[in-house]
Amino acid sequence: MDTSDSSAKTAVVRMYQARQQIYPRDVNGRYATLRWVCVWLTQLVFYGMPWLRWNDRQAVLFDLATRKFYLFGIVLWPQDFIYLAVLLIICAFSLFLFTAIAGRVWCGYACPQTVYTKIFLWLESRIEGPRSARMRLDRQAWSLDKLLRKGGKHVAWAAVALWTGFTFVGYFTPIRDLAREATVFGLGSWEWFWVLFYGFATYGNAGWMREQVCKYMCPYARFQSAMFDRDSLIITYDAERGEPRSSHYQKTPEPTRSPCIDCSMCVQVCPTGIDIRGGLQYMCIGCAACVDACNMVMDKIGAQRGLIRYSTEYAMAEKLSPSAILRRVVRPRVLVYSSALLVIITIFIGSLALRVPLKLDVIRDRGSMGREVEEGAVENVYRLQAINTDELPRRYKISVTGIDGIALSGDDEVSLGAIETRLLPVRVRVPHGQGRPGSNIIYFKLQSIDGTRAQVNEKAVFYIPR
């Protein structure tokens, strides 16, 4: 056997596709402006929210050390975790609804990966120059100019990334205290770790990985098709108008050539580097950069806009007008998502509005099952954990019911400071002959006596020796 001939015929099998560097071109237009509006809005909220004050504290703070979550005028405790869970459910249903109506509008305009990639690309273009200059710079040999430009870009990226990590940690540690400690390098080890960790994640994802996150790491890109239907808005290329492509277009009353001049501008502006003319692809994040680029080219050659546009699969097949597309928005899938979202939001808001800013837990002293005291009365000892979740000090009255003649032995009033938890030892007595031997169900009531209507009841067991 001729080994040289056999080795020559051996094919190299690659297990993955090598990454091709993408240099997105800057583009102006309606959707580019909308993307920048979303960048400003999301970042003003993200960077500004921790610095807002509310009742002499940080307005939004997830204080893990004290196990309290502050959301403006609401203080949530670990027992209120259900509210955070419902909030996540609302976000999930909102994503389902927006996807059913407008495709990957979240990915294209508000996703943190998209937003920070946009910011990092803007810094890159300001420092290294436009697309052609960046490509030329990467092909050049290393020089002082290239070193300064590349180094300056990474310094700018690192500054944004560190500020992002610092702000993120500021949602879990009071950011003003965090800032004071950071100015003197007095952060704790865990604070340093999380600031650097989230800063590095931002730097790596938005600066280096970019489209790789959207293509290979984000699970939403994989299951989005399950939420699409033929009436979901997607970025589409009008192949009937654009094919066959030609390198020349002349505007006449009845043009004989396609308006697609194969300029590849739609590919050059795409942040994931796809060609939308090949049809809908899971890598498309719906940012509409190709729409702005194509419309700009159509304006230059005198052709009608909309060769690449937001449309639906059904509208493209049936040639529907924009008004007809809007009329098809209301359909069973959208109604189901909207109804479920409305019900969940209504329950969530109603539950928060009716939420009593007071909690009570009862722990019976198991070391003493029940003992006889003066005049044959039976006494049980309990520990009441009272939590005032209001941001104002309150006075409460403790009472107990469930057995005839049952009463507290000792002071029945308590004062709790703002957002205070206190363990209250109480003694409960039942007169001789009342209740049955063994376990008896009783109820503790903690009721406000300073004008508010806060009241909470908690069940417990009173034990009478046999």
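Predicted model: local features only at pLDDT ≥ 70, side-chain atom pairs only at ≥ 80, totals over all residues.
I take helices (H or I, at least four residues) and strands (E, at least two) as DSSP runs, numbered from the N terminus. Residues are numbered from 1 along each chain as its sequence is written, and side-chain values use heavy atoms, with hydrogens and water left out.

**Entry 1: overall form**

I counted 17 helices and 16 strands in the protein. I then looked up the radius of gyration, taken over C-alpha atoms. The protein has 33 Å, whereas a compact globule of 466 residues would come out near 23 Å; the globule rule is 2.2 Å times the number of residues to the power 0.38. Along the principal axes, the C-alpha atoms fill a box of roughly 110 × 65 × 60 Å.

For burial I use relative accessible area: buried is under 20%, exposed is over 50%, and partly exposed is in between (1.4 Å probe, protein chains only). On that scale 41% of the 466 residues count as buried. For contacts I require heavy atoms within 4.5 Å. Among contacts with a separation of 6 or more, 67% join residues 24 or more positions apart.

**Entry 2: the largest pocket**

Lining residues have an atom within 4 Å of a point. Grid points are joined across faces, edges and corners, and a volume is the space filled by probe spheres set on the points.

The largest pocket holds about 960 Å³. I found 26 residues in its lining, with Phe 62, Leu 84, Leu 87, Leu 88 and Cys 91 nearest the centre. At least two lining residues come from each of β3 (60-63), β4 (68-71), β5 (74-76), α3 (81-102), α4 (105-109) and α17 (332-354). The largest share, 10 residues, belongs to α3.

I sorted residues by class: Ala, Val, Leu, Ile, Met, Phe, Trp, Tyr, Cys and Pro are nonpolar, Asp, Glu, Lys and Arg are charged, and the others, Gly among them, are polar. The pocket lining has 25 nonpolar residues, one polar and no charged ones.

I also checked Leu 64, in the loop between β3 and β4. Leu 64 is exposed, at a relative accessible area of 53%. Leaving out residues up to four places away in sequence, Leu 64 touches Phe 69 and Phe 172.

**Entry 3: cavities**

The search of the whole structure gave three cavities of 30 Å³ or more. The largest cavity has a volume of about 120 Å³. Of its 16 lining residues, Cys 260, Cys 263, Cys 266, Cys 294 and Leu 307 are the closest to its centre. Both α13 (265-268) and α14 (289-301) supply at least two lining residues, and α14 has the largest share with four. The lining of this cavity comprises 13 nonpolar, one polar and two charged residues.

**Entry 4: backbone exceptions**

Most residues other than glycine have a negative phi, and most peptide bonds are trans. I noted a cis peptide bond from Glu 243 to Pro 244, with omega near -5°. Pro 244 sits in the loop between α12 (239-242) and α13.

Ser 264 lies in the loop between α12 and α13. Ser 264 has a positive phi of about 65° although it is not a glycine, and it is partly exposed at 25% relative accessible area. Ile 419, in the loop between β13 (413-416) and β14 (420-430), also is not a glycine and has a positive phi of about 50°. Ile 419 is buried, at 16%.

**Entry 5: strands**

I count two strands as paired if DSSP finds at least two bridges between them. Four bridges join β6 to β7 (residues 308-311), and the two run antiparallel. Ile 235 stands opposite Tyr 310 in β7.

Last, I looked up Ile 441 in strand β15 (residues 438-448). Ile 441 is partly exposed, at 40% relative accessible area. Leaving aside neighbours within four places in sequence, its contacts are Gly 402, Lys 459, Ala 460 and Val 461.

Notes:
1 Å grid on protein atoms, 1.4 Å probe; cavity = no way out; pocket = protein on both sides within 12 Å on 5 of 7 lines; lining within 4 Å.
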